[in-house]
Each structure stands twice: as C-alpha cells, then as structure tokens.
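Hello,

Here is the structure you asked about. My notes on its aromatic contacts follow below.

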Amino acid sequence: MTTEPQSRFIFSGHTWNPEKRMASFSYNISYKGEAFDFTETLTFPTDRGLSDVPEALFNTILDNLSLVLGISYYKLFLPKEIILENIVLNKEQAEFWNTVYTKGLGEFFYQNQLDFRGLISFPVSTYGSKPLAFPRQNRSLVGIGGGKDSIVTGELLKQQKKSFTSFVVNQHLIRDEVISLLGGESLVVRRELDPLLFTLNKRNDTYNGHIPVSAQYAFIGVLLGALYDYRFVIVSNEQSSNYGNVEYHGIEINHQWSKSFEFEQLFQNYVRTFITPDITYFSFLRPLTELAIAKEFVNYPQYFTHFSSCNRNFRIDGSGNMKRWCGECAKCAFAFVMLAAFLSKEDILTIFGEDFFAKETLLRIYQELLGVVNIKPFDCVGTPDEVIVAFYLASKKGKYQDTRAMQFFEQDVLSKVADIDALQQHVFAQSSEHAIPEEFLGINK
C-alpha cells in the first residue's frame, strides 16, 4: 500500500538587507511528491532616513508581512498542513489569520468551486507576539492607487491643511501622474513576486484567482510607518465595499473583503494588540458611498485625463495596458455611470473616449451592476442602489436616451423603483460606521 505524499505549505522565514533596504520572504510547497521554493522581495526607498526600529518590533512586522504575502503562493495548491518555521501565533492571532485567508480568498474559493470549510488552520502556540510602544511623529501616509478615491482623500486632506506623504506599491505612470498633481512627498515600494508563481499558474493542476491584495498593502503600510516615522496609514475604502457578492458555504463572498469595515476593524485590533499601538491604519472615506465620492471627485477636473479606475492597468504580473479605460470590464462600466451622473457628456467623452452606455458588450454588465441579473460583478464596484441612482441622474441630462443601457434602465428598472427620491437620500447618506481617528473627523463631510 502506497502512502499519498504529504502536502504542506511552509513559511520558511525572512531576511533584511539594510544596504539595499530589501526584505525577502521565503516559502516552500510540497504537493504530491513535488516541492517548490519561492522568494518574494519588497524594496524600500533609499533616499530617506530610517527610524531606529526596535529589533523585536521590526521582526514582528516582518513575520506578519511574511504571513500575508504568503497567500499568493499558498493558493496554488491549497495544502492542508501549514507550517511556521520561525513564527509563533497564539490562539487569537491564529484565528485572525484563519479569517484573513478564508474570507480573503472567498471569491477564489467560489470561482474555483472549492469547499473551504475546515481547510485553513494556522498552528497555535502558547505564546504570541506582544505589542511594543513605538511613538511616531503625528504624520500620515496615504495609499495611492491611481483612481478617484485616493484622489478625493488627498484633496480633502489638503483643503484642511493636513500634510501627508503618498505611498504606492510598484511605480506606474498613472500613479505617478496622480501623485504629481497631488503634490508633496511620496514613497515607492518595489514588490517582486517570485516568477515561479506565474509559471505554475499556467499548469492545469494549480488554482488561480483573486487574493486580498488590500490586506497585503495594509501590512506594507505598517512597515513603512515604522521605517519612515509615520503614525497614520490612510486608505480610501468606502462604505460600499461592505456590500458582498454572493453567499457560498455559509459565508458572504465579498470581492472587496480586505477593503471592508470588517477587515479594517480586525486589522486595527490586530496591529494594536500584537504589533504596536502607535501606528494606526484606517479608511478616510469609510462613511461615504462610491456615488458620494464620485460627486466629490468631479470638483477636481485637473485629474480627469490622468486617473484610471480600470484594474487592467495595474495587473500584478505587470501585463497591464496603458489605455486607461479598457471599456470591457465592470469597473470601467461602473466608473462611467458614476461620473455620468454629475458631468456633462462632453466631459465624459473626454475622460473615457467613448460612450460606454452605447456599447452592446457592456449591456449585460450594466444589468448585473443594476442588480437585475446574476450577481454583483466581482470587481471594486458599488451597490445596485447606487447604480440605479447614478443611472437616474444621468438620464435626467437627456443625452443618453438613444443608448441600449439607458433604454433598458428607463424601461425595465426605473419604472419599478417605488421612491427614487428616498433611494437618493439613502445612497448619499453618510454612515456612522467607521474607525476614523478624532483628529480626522469632519473633513470628509
């Protein structure tokens, strides 16, 4: 009788090269008799002085970065056994990571039709990491993605004379243009995934799909705060990201889970309890919906021809296009209707280059965004209620009545809305559910 080779995923450790300011994270997968080694690197800016980070705190942050970055490699084969060679987690910490891997990979499990129940179990030790006080200057880092949300955050902070430093993971022309218009300093982290990951992704026996990249960026932000002396790590995740896509095996699957308020609370508590109470991560736009953010964004026309919300520009393997708007994905369709609600058709065509309402290939996506067919698209888009109101505001301009999408909306959707005025009030209402520190409250009203 032959025994099935043991499948396992090993977090092999990390190293720090102070001259290059490079952190390296190593992993090993054993699966059905094969073994694969991976090393991922993060390289930090060398043109800025570093804080004297206590060794214990520095190692704790690197430990946690190792755990969150490892998800990119773990998902290839989903080994049942997880081994931590140099990291210890207590029960609460292990439960945090079980949640991050399970809910963060929710869409991945759904798309691959995998039963994840009981799959992920991080090993538990008697001891875990302890938080270390590390007072920071009262300064802020703001994550920049290249889209409208982080632009709104930056502009609102500037209006209130709140200085900040922009940070990005991997340089990109669109992000560079946005940061240039925002002004001020910026920090760029270069992330290099192990190329073996992309080779294995092409095999028929590996799994591929969405990972919680915002969780990875959150931990990178904490390390930046420690290294370069910042107290706040600010992101621009909105109220709408709490809205999931579909229920699967008893949990809500949410493409944006690592942007949700649930993750934000879990992460804040984890950092405070097990890393340091002196670096605070929070979303500045949490009280606002996507539609409310779009209404604010149109006040900054200097960005219209420079920003992009199309994720095809920012693919993690570097294969993105530079068209700014592909005109094929749900994110493009969604951004179009959000801005069509507030801008003239001339401005819309300047931004997008064509009328997406008129594209036959996008009609089905608009029906999904409106909540009429299938489920909400797996992309960073708002709720069906927001899309309905945006379509309504765009329809009042009288410029899109000859398009298939607008005709469908007016004939098949708007006629069934009981009270469009009440729906507008609902989608523009600010939520009291947020974790914004007191010194930043009120800026985004």
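**Aromatic contacts**

Phe307 is buried, at 0% relative accessibility (buried means under 20% relative accessible area, exposed over 50%, partly exposed in between, with a 1.4 Å probe and protein chains only). Phe297 is buried too, with a relative accessible area of 0%.

Before the rest, some ground rules. This is a predicted model: local features need pLDDT of at least 70, side-chain atom pairs count only at pLDDT 80 or more, and totals for chains, interfaces and linings use all residues. Residues are numbered from 1 along each chain as its sequence is written, and side-chain values use heavy atoms, with hydrogens and water left out.

A search of the whole structure gives 49 aromatic pairs. Rings of Phe, Tyr and Trp (its six-membered ring) pair if their centres lie within 6.5 Å; planes under 30 degrees apart are stacked, over 60 edge-to-face, the rest tilted.

Trp97 is in helix 3 (residues 91-104) and Tyr270 in helix 9 (residues 261-274), 173 residues apart. Helices are DSSP runs (H or I, at least four residues), numbered from the N terminus. Trp97 is buried at 0%, and Tyr270 is buried at 1%.

Phe297 and Phe307 also pair. Their centres are 4.7 Å apart with planes at 55 degrees, so this pair is tilted.

Charges sit over rings as well (NZ of Lys or CZ of Arg within 6 Å of the ring centre and within 35 degrees of the ring normal). Arg136 has its charged end over Phe134, 3.6 Å from the ring centre. Arg139 lies over the face of Tyr230, at 4.1 Å.

Best wishes

Notes
Helix = DSSP H or I, 4+ residues; strand = E, 2+ residues; numbered from the N terminus.
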